[in-house]
Each structure stands twice: as structure tokens, then as C-alpha cells.
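Please look over the model shown below before reading on.

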Amino acid sequence: MSIKNMTKEKNWSGQTMVSTDYLLFEAPREKHFMTGSEVLKEAMKRCTVDASVSYPITPQSEAAHLIGELWAEGYVGTYFRGENEFGVMSEVAGCAMAGARTVTTTSGPGTLRAMENFPMWSGTRIPCQLVLMARGINSPLTIQPDNLEVSFLLETGCMIWYAENVQELFDMSIAAFTVAEMPDVHVPIITAVDGFFVSHTRESVMLPADDIALFPYNPYKAPLPPIDSEMPPGRFLRDPFVMKSNYISYATHASWQWEVRSAVDRSRPYAKHFLNGLAHVTGDQDAEIVFVACGTASHQAKEANRELTKMGIKSKVVKLRTIRPFPHAELLEATKSAKYIFVPEFNIVGWLEKEVTQSLYGKSEAKVIGRPRVAGGMSMPVEAILKEVLENVEKGA
Amino acid sequence: MSLRYMIPASKFKKYLPKDYVELVDYGPFGKDYNDVGVKNMGTYKELVEEHPMCSGCWMAYYIKIIFASLPNPEDTVTIGTAGCGRLAISQAAVPFIYGNYGDQNAMASGITRAFRLRFPDRHKDVITIAGDGGMMDIGFSMTMHAWFRRERFTTIMLDNEVYGNTGGQESGMSMEGAILKMSPTGKKFGKMPAMQLAITAGCVYVVKMSPTNINKASKAIRRAIFAARTLGPTFLHVYTSCNIEYSIPTNDVFRDAKEMEKGRFAYEEYMTDEAKELFAQIESKNKREVS
């Protein structure tokens with residue numbers, strides 16, 4: 001299989017190529033019933049993916065197998081199993097630097113093993129996609145859902161989006177390529193879901209037909225040229241600044257790092273368009289009790305909101321869909337009425353609470369409460385959320 | 001065609017750096033190897049000239065041979081990692097990638113696969129050039145697995161038997177008993193059998209050498225690149241001494257390389273039958289090419 005099998009209208013597997021807007025917003029959809037892993041296959045099937053490299057780790061393995069099946073079926077250009085996650089992420093970088101639209105998946109310890117790669121990915125401005133199916137990090141050994149690993153990724157210079165459910169994973173992982181490949185963005189994107197809760201849960205999902213797909217990635221629109229000997233290569237790769245031990249090298253490194261963060265920021269309008277906003281708000285607009293959450297925690301918060309409504313207590317849920325860039329303006333707007341902000345999380349450190357506190361510092365009078373917090377595979381029953389709310393609000397009243 | 005990217009618009013030419021214009025006018029791009037190559041070094045604009053390597057560095061000399069031997073410099077990408085070598089490699093007029101520590105062969109696996117997808121009718125030569133630490137220690141699993149997967153690119157290990165760039169620490173390729181930083185009482189195990197590992201892992205062409213003969217060194221480099229285009233992974237294990245860490249007086253660097261040639265870097269060449277056939281074809285077509 002090669003790029004020669006493509007025409008102007010059809011990609012190499014014979015799918016008609018369409019715009020992202022058509023694929024996400026206009027194409028008629030039909031109802032299916034599938035898991036997060038299965039839906040990721042369906043999403044990648046519609047993305048004209050050039051390359052994917054995989055490595056087994058629970059709970060992302062099945063998603064990686066299914067992308068392999070897409071390759072066997074002729075939808076993905078090249079695919080193989082790498083030697084470990086560090087090697088895999090380097091192989092992904094190689095594919096992307098040579099101009100390929102590239103996707104991979106990993107979880108927990110795999111993410112940490114590959115860690116050196118993520119700042120390198122953003123520093124080289126490759127628009128590859130990592131679908132992260134979050135799980136706990138050892139030790140003690142755990143394979144259960146827990147999103148501590150996301151906190152390690154926050155400052156890597158990659159965009160981070162968080163999908164709540166199977167449907168969102170489908171739509172987000174398609175939009176992810178489009179936003180990451182925008183010439184004024186062009187940084188890697190991490191699309192996160194909670195492992196098991198999304199990867200292994202079967203839900204109804206609306207999908208467009210599978211005979212349409214995105215147009216291929218055009219590496220020649222990249223702000224940093226691909227390394228393919230077809231055009232002058234990016235100077236910093238050809239002649240790294242570290243070779244010049246002088247003030248210019250320090251200034252260049254600093255401004256380059258700054259630019260990577262600016263590029264992440266410039267993704268806001270695109271993400272807003274394709275995700276229908278960086279944050280989704282449900283519940284009572286003027287509620288004093290506000291839940292701020294992402295992923296499965298936001299699902300549980302919505303359940304708590306329903307229970308509180310039954311009890312005659314007003315509340316609302318602010319679901320953050322992008323973590324990098326962080327939706328500061330959306331959060332501030334959505335928490336204007338708040339007296340209490342609860343941040344329920346599936347990790348021990350409360351990284352989202354820290355993000356929320358920092359974002360609202362000096363701008364909001366609301367009390368930020370980083371509870372309930374569960375980890376290592378514990379579930380977050382609605383009762384636990386209600387208990388926190390009732391105790392704190394009573395205390396505060 | 002990629003060669004086009006080198007050629008400046010005529011009106012801009014006078015504003016470009018002299019070095020660049022000389023590369024366009026007198027460099028090896030698009031030329032017949034017999035008119036450039038190692039035999040004609042000094043008579044044309046070479047791909048790597050200035051570099052910050054130490055005086056008397058045998059590695060810098062070998063890197064110049066690598067770049068003078070490229071069959072298709074305008075369609076070549078090199079990948080390296082931390083170490084002295086990349087200080088010179090990154091100065092060459094050939095795209096160079098520095099990824100993470102020791103991941104050159106993983107990176108190259110991705111690059112070659114993407115090239116074959118995007119340029120199915122053309123040879124885009126991919127060469128990883130890294131030191132003994134980068135290839136056999138920190139990058140070991142990625143070096144080996146790229147070979148096991150039969151990734152079609154060339155791996156060149158610049159073996160100076162020490163971590164030179166970080167100040168002289170023991171590497172897996174140092175000799176047993178060598179007293180170096182991090183082995184203050186002498187290294188406790190011997191040199192890793194890189195050549196045997198490469199053969200076992202499926203490399204189709206493997207050479208171990210001390211590059212005292214320029215033509216011989218160049219021939220091995222070209223064979224490794226040609227075989228990697230179609231047959232499979234190729235590996236060159238080359239002695240490139242560190243005259244600083246091993247205290248070799250500058251004047252004795254060549255003598256030391258000659259000594260090594262009689263000892264643990266005695267010339268060894270391995271090739272599969274397929275590779276043998278390929279070389280016979282290429283070399284009979286162009287008798288002038290091989291010495």
C-alpha cells in the first residue's frame with residue numbers, strides 16, 4: 001500500500017474523502033452499540049491514518065489490536081508492534097517527522113515508560129495522536145482505572161483533551177487530528193479517556209457511514225517541515241542549538257519552548273468549533289454548588305446533580321473537555337454563581353483541583369473542594385459525591 | 001525531485017552564504033560518485049567540513065568518510081543521539097534528526113516506513129550513526145529490535161569504547177579491566193559481541209573494521225546502504241578511537257588504528273547470499289566504483 005493508491009476523491013482504501021465538518025456534523029449517522037476500544041477503531045477507520053505503532057498494556061491493548069486489524073483490512077498505511085512504549089513513541093515520532101499521520105495508544109506505566117518522548121514530540125511540532133486509556137501507576141501493582149498519569153503529561157507541551165464516554169471518544173479522536181494538524185497549531189495531541197470505564201464499556205453511539213474518511217495529512221503545510229529530503233529541513237534538527245554554546249542557544253531554546261505553548265493556546269478556536277466548546281455546562285445556571293470535572297468523574301457528577309435536584313438543591317456540572325489548553329475563560333464564566341466548587345477525581349493527587357484552584361485564583365470567591373477523590377480502581381458512587389456536598393455545604397452555611 | 005530544494009533561485013544566489021552556494025555549485029549533490037566520493041576528497045565541496053571535534057579525532061575522520069560515501073546524498077536522512085559523533089554529523093549538509101537518548105533505531109524504523117509509504121518508487125536512504133553507548137547500552141533494545149523486525153536501514157556504530165562526550169565513562173563496548181569513570185577498579189565484563197548480535201538478529205550485511213583504508217571503509221558504507229534499500233538491516237561496527245579519554249597522542253592516532261586492525265578490530269565482513277548477489281550486480285555495472 002502506498003500513497004499512489006489515492007486519487008483526488010478516494011483514499012487508498014476506496015473511501016470518499018470529506019471535510020472534518022462534514023464527517024463530524026453533517027454526515028447522516030446510525031446507532032451502534034460498542035465499547036471505547038471498538039469505537040476508536042471506527043474513528044481511525046475514517047481518518048485516513050498513515051501509520052500506527054502499538055505495544056500491549058491493559059486496558060488499551062484491544063484498541064491497539066483493532067487498529068492493527070484496520071491495517072490488515074487496508075485502511076492504515078503501516079502498522080507494527082514495537083519493543084516497548086519508549087521505542088513505540090520514538091517510532092511514532094519517526095513516522096510523523098517523515099510526514100505520516102500517526103496514531104498510537106497507551107496506558108499508565110506505558111505512558112511513564114515513554115515519558116522522554118512527549119516533550120520531544122511537542123518540541124519537534126509533530127501532530128501525532130496518542131489515545132490514552134488511563135489506568136493506575138505502580139507500585140503497588142494496579143491495572144485499574146485511575147488518571148494520575150495525566151498529571152505527568154500536563155507540562156509536556158502536548159494538547160490534552162478528555163472524553164467522557166464512547167461517543168465523545170469517537171468524535172474527539174477524529175477532531176484531534178484536524179486540530180493538531182492546523183498549520184498554526186501543529187503540536188501533538190493526547191486524547192484521554194478513563195480506562196475500562198470507557199475502553200471496556202459498551203454504549204450506544206451514533207456513527208456516520210464508514211465509506212467516508214478525512215483527507216490525508218499534508219506535511220507540507222507544517223510550520224516545521226517534515227524530514228523527508230524534499231525541502232530544507234528544520235534548522236534546529238539539522239544543526240541543534242546545543243552545538244552552539246552561546247547566548248543564542250539559550251534564547252532560542254526558551255523562545256522555542258514558549259512558542260510550543262503558544263501553539264497549544266492557538267488551538268482554542270479550532271477546539272471550540274469541533275468540540276462545541278472547551279467546557280460543557282449542565283444543570284442550573286445560577287447554582288451555588290458547582291462540580292468541575294472531566295471524563296468519568298463528570299458523568300458521576302451529572303448523576304449527583306440529578307439526585308440533588310430531586311432533593312431541591314440546585315447544582316451544575318462543568319465538564320472540561322480540554323485540559324491543555326486549559327479552558328480558563330469558560331471555567332470562570334461557568335463558576336460565576338458558585339460558592340462551592342467540588343472537583344471529584346479518579347486519582348490520589350487531585351491534579352484537576354490544583355488546575356481549577358490556580359485558574360480561579362484571585363478571580364473567584366468560591367471555595368474549591370477537591371473531593372471526593374478515589375484512586376487505584378475505586379469506584380465513585382453518587383452517594384460519595386452527595387455526602388461531600390451535604391457535609392460541606394452544611395458546614396459553610 | 002528532492003534535488004530541487006538545494007538549488008537557489010538565481011536572483012537570490014548572490015545573497016546566500018558562500019558555504020551554501022559552494023555546496024550547490026561544487027558539492028556532491030546529483031553527481032556521479034566517480035566524480036566525487038572518497039577518492040576525490042579535497043577536490044569538491046564536501047558535505048561536512050567544519051566541526052567542533054577534538055584535534056586528532058579519529059571519529060571525525062570516519063564521519064567525513066561516511067558523508068563522502070553516500071550514494072544519494074540529496075535523498076538521505078541521518079539519525080543520531082547524544083555523543084561526540086552528533087557534534088560533527090549535525091554539521092553535515094544532510095538532514096539530521098536527534099530524538100531521544102539512544103532511540104535512533106526506533107526513530108529510523110518509523111522514518112523508513114513512512115518514506116516507503118510516501119515515496120514508493122524512490123530510495124530514501126536512512127542511516128543511524130551513534131556511539132557504542134547509544135547503540136549497545138541505552139539504545140540496545142531498539143537497536144536489536146529494529147534488526148529483528150528487518151527494518152531496512154543502515155546502522156553505523158562509532159565505537160570508541162567509552163562515553164567520550166560525557167567525560168570518559170565505561171560502556172558495554174569497553175574492554176574488560178579498563179579503568180574508566182564509573183569503573184574505578186576496572187570493568188568487570190568484556191566487550192559486547194556486537195557483530196555476532198547483528199548477525200543473529202538478522203542483519204544482511206555486517207562489517208567490523210578499523211577504517212585505516214579509506215577505499216575499503218567507503219566500500220563497506222556503500223554496500224551497507226545499497227543492501228538496506230531492498231534486503232534488510234545492515235550494520236557497520238567501526239573503531240573510532242577517543243584520543244582524549246584513552247590518552248592517545250595525536251600523532252599516534254593512526255598508528256593506534258592500525259594496531260587495532262591487527263587485534264580486536266581485524267576486518268570481518270558478513271553478508272547473506274542475497275547481499276552477495278546484489279553487490280556483484282551493482283559492482284559489475286560500475287567497475288570504477290570499487291577499488
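In which sense, left-handed or right-handed, does α8(B) pass α10(B)? The crossing of α8(B) with α10(B) is right-handed, where a crossing counts as right-handed if the near helix is turned clockwise from the far one by less than a right angle, and as left-handed if anticlockwise. The model is predicted, with local features requiring pLDDT of at least 70 and side-chain atom pairs counted only at pLDDT 80 or more, while totals for chains, interfaces and linings use all residues. Residues are numbered from 1 along each chain as its sequence is written, and chains are lettered from A and ligands numbered from 1 in the order in which they are written.

**Helix packing in chain B**

- Helix α8 (residues 214-230) and helix α10 (residues 273-285) of chain B pack at about 115 degrees with their axes 10 Å apart, the axes being lines fitted to C-alpha atoms, for helices over the stretch in contact, and the angles running from 0 to 180 degrees between N-to-C directions.
- That angle makes α8(B) roughly perpendicular to α10(B), a term that covers 65 to 115 degrees.
- On α8(B) the contact is made by B:R223, B:F226 and B:A227, and on α10(B) by B:A275, B:L278, B:F279 and B:I282; two residues are in contact if their C-beta atoms, placed from the backbone, lie within 7 Å.
- This contact has six nonpolar residues, no polar ones and one charged residue, where Ala, Val, Leu, Ile, Met, Phe, Trp, Tyr, Cys and Pro count as nonpolar, Asp, Glu, Lys and Arg as charged, and the others, Gly among them, as polar.
- α4(B) and α6(B) pack at about 35 degrees, with their axes 7 Å apart, and their contact has four nonpolar, three polar and no charged residues.

**Sheet of chain B**

- Seven strands form an open sheet with mixed pairing, in the order β2-β1-β3-β4-β6-β5-β7 (chain B); helices (H or I, at least four residues) and strands (E, at least two) are DSSP runs numbered from the N terminus, and two strands pair if DSSP finds at least two bridges between them.
- Because β2 and β7 (268-271) of chain B stand at the edges with a single partner strand each, one side of each is left without a neighbour in the sheet.
- The strands β4 (residues 154-159) and β6 (residues 234-239) of chain B run parallel and are joined by six bridges, and B:L158 has B:V238 as its bridge partner in β6(B).

**Sheet and domains of chain A**

- Chain A is assigned domain 1 (3-220) and domain 2 (280-396), with bounds that come from an automatic or database domain assignment.
- The centres of domain 1 and domain 2 of chain A, taken over C-alpha atoms, are separated by 28 Å.
- In chain A, 20 residues of domain 1 are in contact with 19 residues of domain 2, and β7(A) supplies the largest share of the domain 1 side, with four residues.

**Contact between the chains**

- 34 residues of chain B are in contact with 36 residues of chain A, and α4(B) gives the most to the chain B side, with eleven residues.
- By class, the side of chain B that touches chain A has 17 nonpolar, ten polar and seven charged residues.

Note on methods: Parallel < 35°, antiparallel > 145°, perpendicular 65-115°, else oblique.
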